[in-house]
Structure formats: structure tokens, C-alpha cells
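Please look at the sequence and the model before reading on.

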Amino acid sequence: MKKFLPIVSLLLLLFSCKKEEPLKDFRKTLAGTWELERTITWVTVPPVAPGILLVFKEDGTFERKRHDTLVYSGTYTLQQKQDCHPRSSNIILTTSDSSPGYEDYISVENNKLELSTPNCWADGGGAIYRRVK
């Protein structure tokens, strides 16, 4: 029994750490500078002005900029969560300036970053950014 408990503990530790790997890999993919390309809403909105930037770093910090002017600097967290309807990404982004309970699903594909509200939120929306650095 004395040998069994450390082995089980070690196995539990190893398997629990694997859940963080997709988020760690995603953090590397996310790192960089992204410029707002368009927004997605249920109403028509005017074209997006150039120069609205998000800068994500692997250490969990981010910046919001307008051209080269810093608007906000803070931290972000990533976690996995299933949406009420299937989607391509189950990673949620929350930031230090988010309202309590607010969350965006986040995905990166072909140098495009998409932020979108959960599928079950009424009047949800999103934003598409393109990688600039």
C-alpha cells in the first residue's frame, strides 16, 4: 500500500498537467500584435478606423493601443470551457478590464484572431483582428 499511493499520486499529477498544454501552446500562438479589422454585430456598423491594436505577450500581459498610444495595460487569462452550442474553439479569454462574468471565446487561424461572445448570449457579437507583428 505504501508503494501504491505515491505511484497513484504521481500519475494523477502527470495527467492533470496535460490540460495546461493546449493553453500554453495557444499563448505562444496568441503572442504578437493584432489590428482590428472588423466587428461582428446584429446591426450595421461603420467601417473600423485603422490603428486599433491588441498586443498579447506570453507572460499573460496585454496592451490596448490606438496607433502607438497606450490606452490600457493589464493581464489576461485563458481557460477551456464548452459553449452551449459546439464551436471550433473552446478557449475563453478574460482580461483585467473585463466586467465580472464577461468572457470572450478566442481563436486564431490563418493570422486572424477572432473574439466572440458565447453562442447563447442574446445580441452577441465579436471582432476580427489581423496579425501585424
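Asp25 is part of helix H2. The model is a predicted one. With a relative accessible area of 41%, Asp25 is partly exposed, because partly exposed covers values between the 20% limit for buried and the 50% limit for exposed. Between the C-alpha atoms of Asp25 and Glu58 there are 9.7 Å, and the two residues stand 33 residues apart along the chain.

## The chain as a whole

The protein chain contains two helices and eight strands. Read from the N terminus, the order of its elements is α-α-β-β-β-β-β-β-β-β.

The protein chain has 133 residues, and 29% of them are buried. Its accessible surface is about 9000 Å², with 58% of that belonging to carbon and sulfur atoms. When contacts between residues at least 6 apart in sequence are taken, 40% of them join residues at least 24 apart.

## The nonpolar core

The largest nonpolar core is made of 17 residues. Leu30, Phe56, Leu78, Ile106, Leu113 and Tyr129 have the most contacts inside this core. Two or more residues of the core come from each of these elements: helix H2 (20-30), strand S1 (32-40), strand S2 (52-56), strand S4 (69-80), S5, strand S7 (112-116) and strand S8 (126-131). H2 gives the largest share, three residues.

Which residues does Phe56 touch, not counting those up to four places away in sequence? They are Leu30, Ala31, Gly32, Trp34, Thr61, Phe62, Tyr76, Leu93 and Leu113.

Leu54 belongs to strand S2. Is Leu54 buried or exposed? Its relative accessible area is 3%, so Leu54 is buried. Apart from neighbours within four places in sequence, Leu54 is in contact with Gly32, Thr33, Trp34, Glu63, Arg64, Leu113, Leu115 and Tyr129. The C-alpha atoms of Leu54 and Leu36 are 8.0 Å from each other, with the residues 18 residues apart along the chain.

Thr33, one of the contacts of Leu54, sits in strand S1. Thr33 has a relative accessible area of 13% and is therefore buried. Setting aside neighbours within four places in sequence, the contacts of Thr33 are Leu53, Leu54, Val55, Arg130, Arg131, Val132 and Lys133.

The loop between S1 and S2 holds Val48. Val48 counts as partly exposed because its relative accessibility is 25%. Glu37 and Val48 are eleven residues apart along the chain, and 6.6 Å separates their C-alpha atoms.

## The largest pocket

How much space lies in the largest pocket? The figure is about 330 Å³. The pocket is lined by 19 residues, and Arg64, Asp104, Leu115, Ala127 and Tyr129 are the closest to its centre. At least two residues of the lining come from each of S1, S2, strand S3 (61-66), S5, S7 and S8.

Some of these residues have already been named.

## Residues in other loops

Glu103 is located in the loop between strand S5 (91-95) and strand S6 (104-109). Its relative accessibility is 13%, so Glu103 counts as buried. The side chain of Glu103 makes a polar contact of 3.0 Å with the side chain of Lys81.

Two further loop residues have positive phi values. His67, in the loop between S3 and S4, is not a glycine, yet its phi is positive at about 60 degrees. A relative accessible area of 49% makes His67 partly exposed. Asn111 lies in the loop between S6 and S7. The phi of Asn111 is also positive, near 60 degrees, in a residue other than glycine. Asn111 counts as partly exposed, with 47% relative accessibility.

Technical notes
Residues numbered from 1 in each chain as written. Predicted model: local features only at pLDDT ≥ 70, side-chain atom pairs only at ≥ 80, totals over all residues. Heavy atoms only, no water. Helix = DSSP H or I, 4+ residues; strand = E, 2+ residues; numbered from the N terminus. Buried < 20%, exposed > 50% of the residue type's maximum accessible area, 1.4 Å probe, protein only. Polar contact = N/O pair within 3.5 Å; in protein donor to acceptor, adjacent residues only side chain to side chain. Contact = heavy atoms within 4.5 Å. Areas by Shrake-Rupley, 256 points an atom, 1.4 Å probe, with all protein chains shown as cover. Core = buried A, V, L, I, M, F, W, Y, C linked by side-chain atoms within 4.5 Å. 1 Å grid on protein atoms, 1.4 Å probe; cavity = no way out; pocket = protein on both sides within 12 Å on 5 of 7 lines; lining within 4 Å. Points joined across faces, edges and corners; volume = space filled by probe spheres on them.
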